Amino acid sequence: MNLSTLDLLDLSHTLAEDYLRQFPYPWEALPGITDLILHLGPQLNPDEYEERAPKIWVHKTARVAPTAYLGEACIIGPDTQVRHCAFVRGSALVGTNCVVGNSVELKNVILFDGVQTPHYNYVGDSILGYKAHMGAGSITSNIKADKKDIVIKNGPDLIETHRRKIGAILGDFADVGCNTVLNPGVIIGRRTTIYPVSCVRGTVPPDCIYKSADCIVARH
């Protein structure tokens, strides 16, 4: 499976386009998300975005519930909904027309335009591509039990990341079923669907349906 940034993600659907383009692999971009947001925020059009608190920029068409928490650094894009009791811990770049749902927690993430995390999701140290979707209760696990650096497993190849925390990279239009756990360093290809209540490790190719680790079929 090709794990390159450009094979997984259409960069025209995020404010992070220029930033992400410099990285051969998308997980390499994770350490700089905070600095990226602090660079982009002051450049946003004040007629469109308001700085609701220091280092927190929200588009004027976005709808943020009064019970939601927005931590620095954070950008919430146009027509995005941040619903009841969402917990945006910080370092979150959220695109246009996204859903950050009830009791969802975000930390050190880039959500491309059209991403939906609607119910009870944890998304940490992750990048979710254009119109990716996480079903209710699905989460990214971003650190191994032994706290060792994460190794990306791509078939027989092992890619050393030299990072202790990586959640998941979801390609454009990836769809993760309810109550699924994406283990540290999971990469899901474009247009792939993960069955509910799955425990996913390693990489899943594009244009597939993941029924179990032993049953991944091509989408027709």
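**View 1. Salt bridges across the model.** A salt bridge here is a side-chain nitrogen of Lys or Arg within 4 Å of a carboxyl oxygen of Asp or Glu. Going by that rule, you'll find 7 salt bridges. Residue numbers start from 1 along each chain as its sequence is written, and side-chain values use heavy atoms, with hydrogens and water left out. Since the model is predicted, local features need pLDDT of at least 70 and side-chain atom pairs count only at pLDDT 80 or more, while totals for chains, interfaces and linings use all residues.

**View 2. Glu17 and Arg21 pair up in a salt bridge.** Their closest N and O atoms sit 2.8 Å apart. Both belong to helix H2 (residues 17-21), 4 residues apart, so about one helical turn separates them. Helices are DSSP runs of H or I with at least four residues, strands are runs of E with at least two, and both are numbered from the N terminus. Glu17 is partly exposed at 27% relative accessible area, and Arg21 is partly exposed at 45%. For this label, buried means under 20% relative accessible area, exposed means over 50%, and partly exposed is in between (1.4 Å probe, protein chains only).

**View 3. Arg52 meets Glu50.** This salt bridge has its closest N and O atoms 3.1 Å apart. Arg52 is partly exposed, at 42%, and Glu50 is partly exposed too, at 34%.

**View 4. Asp125 and Lys107 join two strands.** Their side chains form a salt bridge at 2.5 Å, N to O. Asp125 lies in strand S11 (residues 122-128) and Lys107 in strand S9 (residues 105-111), so the pair ties together parts 18 residues apart in sequence. Asp125 is buried at 3%, and Lys107 is buried at 14%.
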